[in-house]
Amino acid sequence: MERLQKVIAQAGVTSRRKAEVLIQEGKVKVNGQVVRELGVKVTPNKDEIEVNGVPIDREEPVYFLLYKPTGVLSSVSDDRGRKVVTDFLEVEQRVFPVGRLDYDTSGLLLLTNDGEFANQLMHPTFKIDKEYIAKVKGIPERTALKKLEKGIELEDGKTAPARIKFISGNRKKDTAIIQITIHEGRNRQVRRMFEAIGHPVQKLKRERYGSLDLRGLNPGDVRELKPIEVKHIRELAVTQKSKS
Ligand code: URA
């Protein structure tokens, strides 16, 4: 048995807090009866739940980790016929990616049908570390990398401080490999950050997402998360929020 507001949020209808408001407003029915109290518990696969007259989806929540290859859209379909991340899974549930990686970025991407989980992880207050390995053009000076560490002005505002580790430089090819860890998830953020210091990204891979990494996986591989991993990442999200 689960709390009604949690089941509504899990179905991706809205956040848990907004579900509570809908319940109090009398917009939620359980087995045909309007329920206005917040303490009510329901069985997701048995009780019929309607929000604003629409039955909610009662799929079992599932959680997957995909090693996204490059050349794949972080989407569930594409009208131009390009490969999408859900092509790598054969599951009945209608899963979607938690956030996105660029078409040309490879690495760790979570997929789920649990809307509440996805909202939690993507919400800006949940500062989950995302670690990337970037191959950049040129060999950045220490002072340039310091700018990224402190936060750099982009067109949508200053970035939060990043962690940077210089891995290697190749004078002959004029490239460098740099590890960068950020907790924001703005559009093309890592690429724009390196662009801003004059070292465009040539290759980008996300190696870690919170407590999860790509160990044992090859591009295109997918595995289901263990319940303990789901629990950890949820806990991490909550701890990171309360630290802010
Ligand atoms: N930052 C980027 O620039 N691209 C990604 O795909 C992820 C983070």
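**Figure 1. Four strands line up as an open sheet in the order β3-β2-β5-β6, with antiparallel pairing.** The edge strands, β3 (33-34) and β6 (54-55), each pair on one side only. This is a predicted model, in which local features need pLDDT of at least 70 and side-chain atom pairs count only at pLDDT 80 or more, while totals for chains, interfaces and linings use all residues. Residues are numbered from 1 along each chain as its sequence is written, and side-chain values use heavy atoms, with hydrogens and water left out. A strand here is a DSSP run of E with at least two residues, a helix is a run of H or I with at least four, and both are numbered from the N terminus. Two strands pair if DSSP finds at least two bridges between them. Look for β2 (residues 28-30) and β5 (residues 49-51), which are joined by three bridges in the antiparallel sense. On β2, V28 has V51 of β5 as its bridge partner.

**Figure 2. Y63 and F117 form an aromatic pair.** A search of the whole structure finds one such pair. Because the ring centres of Y63 and F117 are 4.8 Å apart and their planes meet at 70°, the pair is edge-to-face. (Rings of Phe, Tyr and Trp, the last by its six-membered ring, pair if their centres lie within 6.5 Å; planes under 30 degrees apart are stacked, over 60 edge-to-face, and the rest tilted.) Y63 belongs to strand β7 (residues 63-68) and F117 to helix α3 (residues 115-122), so the pair ties together parts that are 54 residues apart in sequence. Both residues, Y63 and F117, are buried, where buried means under 20% relative accessible area, exposed means over 50%, and partly exposed is in between (1.4 Å probe, protein chains only).

**Figure 3. Two charged side chains sit over aromatic rings.** R82 lies over the face of Y103, at 5.7 Å from the ring centre. K83 lies over the face of F88, and here the distance to the ring centre is 5.4 Å. To count, NZ of Lys or CZ of Arg must be within 6 Å of the ring centre and within 35 degrees of the ring normal.

**Figure 4. Strand β14 (residues 175-182) is mostly covered.** Seven of the eight residues of β14 are buried. Four residues lie between the strands in the hairpin of β13 and β14, where D174 takes a positive phi near 55°.

**Figure 5. G71 lies in the loop between β7 and β8 (96-97).** G71 is partly exposed, with a relative accessible area of 26%. Now find D102: G71 and D102 are 31 residues apart in sequence, and their C-alpha atoms are 8.7 Å apart in space.

**Figure 6. Stepping back, the chain has six helices and 17 strands.** The C-alpha trace spans about 70 × 35 × 35 Å along its principal axes. Of the 244 residues of the chain, 45% count as buried.
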